[in-house]
Amino acid sequence: MKNRKIFWIFIILFCIVILAGFFTIKYVKEKQKNEEIQEYVPEEEITEEQYRQTIVSLFFENKETKELVPEARMIDIKELIDNPYEKLINMLMEGPKNEKLNKLIPENTKVLSINKDGDTLTIDFSNEFLNYDKSSESSKSNLIYSIVNTMTELTEINHVKFLINGEENSDFSDVYVRRENLRIMI
């Protein structure tokens with residue numbers, strides 16, 4: 001009798017364990033299925049304009065150290081498609097957003113033309129371009145490499161040549177290439 005009682009208790013416990021396992025597995029599978037179906041919803045939708053944003057580096061002079069440093073700017077790629085060279089020069093002429101940096105292109109300077117020939121970009125400036133600070137040895141170099149380093153950020157440009165009113169000028173007669181780690185101090 002006692003064996004029979006133990007046998008039935010064992011059978012009942014076995015059935016409870018089997019049923020509990022079955023329902024646990026079913027619950028876990030159902031939960032996983034619901035998690036897979038849920039779609040991720042970002043906190044804020046990314047707009048088409050945000051997809052078109054790119055970062056450009058413009059080079060300006062640090063007011064304290066007089067070193068040439070890049071300033072990153074977000075820009076809509078549509079603004080660069082038509083004439084990227086003119087857009088970048090205009091951004092340099094507008095000056096930096098960071099108040100610790102100096103604008104290098106002299107006031108009232110106008111871009112008369114920009115021409116690309118192979119990997120060389122020729123920029124023709126008005127006479128005002130010659131109004132840079134001639135008292136500082138680094139100001140001319142920083143002016144040149146502010147433009148050269150900015151323009152050579154574009155992969156198709158490796159050299160930059162300057163003209164003043166359509167003619168070569170003795171102050172800017174070279175064809176310039178990018179300078180890395182430019183550290184000019186006064």
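This is a predicted model: local features need pLDDT of at least 70, side-chain atom pairs count only at pLDDT 80 or more; totals for chains, interfaces and linings use all residues.

**Exercise 1. Two pairings of β5**

Describe how β5 pairs with β4 and how β5 pairs with β6.

Solution. 
Step 1. Strand β4 (residues 111-117) and strand β5 (residues 120-125) run antiparallel and are joined by six bridges. Within this pairing, Asn 115 stands opposite Thr 122.
Step 2. The hairpin of β4 and β5 has two residues between the strands, and Gly 118 takes a positive phi near 65° there.
Step 3. Six bridges also connect β5 with β6, but in the parallel sense. Phe 125 has Ile 164 in β6 as its bridge partner.

**Exercise 2. Two stacked ring pairs**

The structure holds eleven aromatic pairs. Explain why the pair of Phe 10 and Phe 14 is stacked, then examine the pair of Phe 129 and Phe 162.

Solution. 
Step 1. A pair of aromatic rings is described by the distance of the centres and the angle of the planes.
Step 2. For Phe 10 and Phe 14, the centres are 6.5 Å apart and the planes are at 25°, so the pair is stacked. An angle under 30 degrees is what this class requires.
Step 3. Both residues belong to helix α1 (residues 2-37); because they are four residues apart, about one helical turn separates them.
Step 4. Phe 10 has 55% relative accessibility and therefore counts as exposed, whereas Phe 14, at 48%, is partly exposed.
Step 5. The rings of Phe 129 and Phe 162 are also stacked, because their planes are at 25° and their centres 5.7 Å apart.
Step 6. Phe 129 lies in the loop between β5 and α5 (137-151) and Phe 162 in strand β6 (residues 159-164), so this pair ties together parts that are 33 residues apart in sequence. Phe 129 and Phe 162 are both buried.

**Exercise 3. The aromatic cluster and its charges**

Which residues do ring pairs link into a cluster, and which lysine lies over the face of Tyr 132?

Solution. 
Step 1. The cluster consists of Phe 125, Phe 129, Tyr 132, Tyr 145, Phe 162, Phe 172 and Tyr 176.
Step 2. Lys 134 lies over the face of Tyr 132, 4.4 Å from the ring centre.
Step 3. Lys 140 has its charged end over the ring of Phe 172, at 5.5 Å from the centre of that ring.

**Exercise 4. Two residues compared with the burial cut-off**

Are Val 160 and Ser 138 buried or exposed?

Solution. 
Step 1. The cut-off for a buried residue is under 20% relative accessible area.
Step 2. Val 160, in strand β6, has a relative accessible area of 0% and is therefore buried.
Step 3. Contacts of Val 160 beyond four places in sequence include Leu 121, Ile 123, Val 148 and Met 151.
Step 4. Ser 138, in helix α5, has 4% relative accessibility and so counts as buried. Its side chain makes a polar contact of 3.3 Å with the side chain of Ser 136.

Definitions and conventions:
Residues are numbered from 1 along each chain as its sequence is written. Side-chain values use heavy atoms; hydrogens and water are left out. Two strands pair if DSSP finds at least two bridges between them. Rings of Phe, Tyr and Trp (its six-membered ring) pair if their centres lie within 6.5 Å; planes under 30 degrees apart count as stacked, over 60 as edge-to-face and the rest as tilted. Buried means under 20% relative accessible area, exposed over 50%, partly exposed in between (1.4 Å probe, protein chains only). A charge sits over a ring if NZ of Lys or CZ of Arg is within 6 Å of the ring centre and within 35 degrees of the ring normal. A polar contact is a pair of N or O atoms within 3.5 Å; within protein, one must be able to donate a hydrogen and the other to accept it, and residues adjacent in sequence count only if both atoms are side-chain atoms. Contact means heavy atoms within 4.5 Å.
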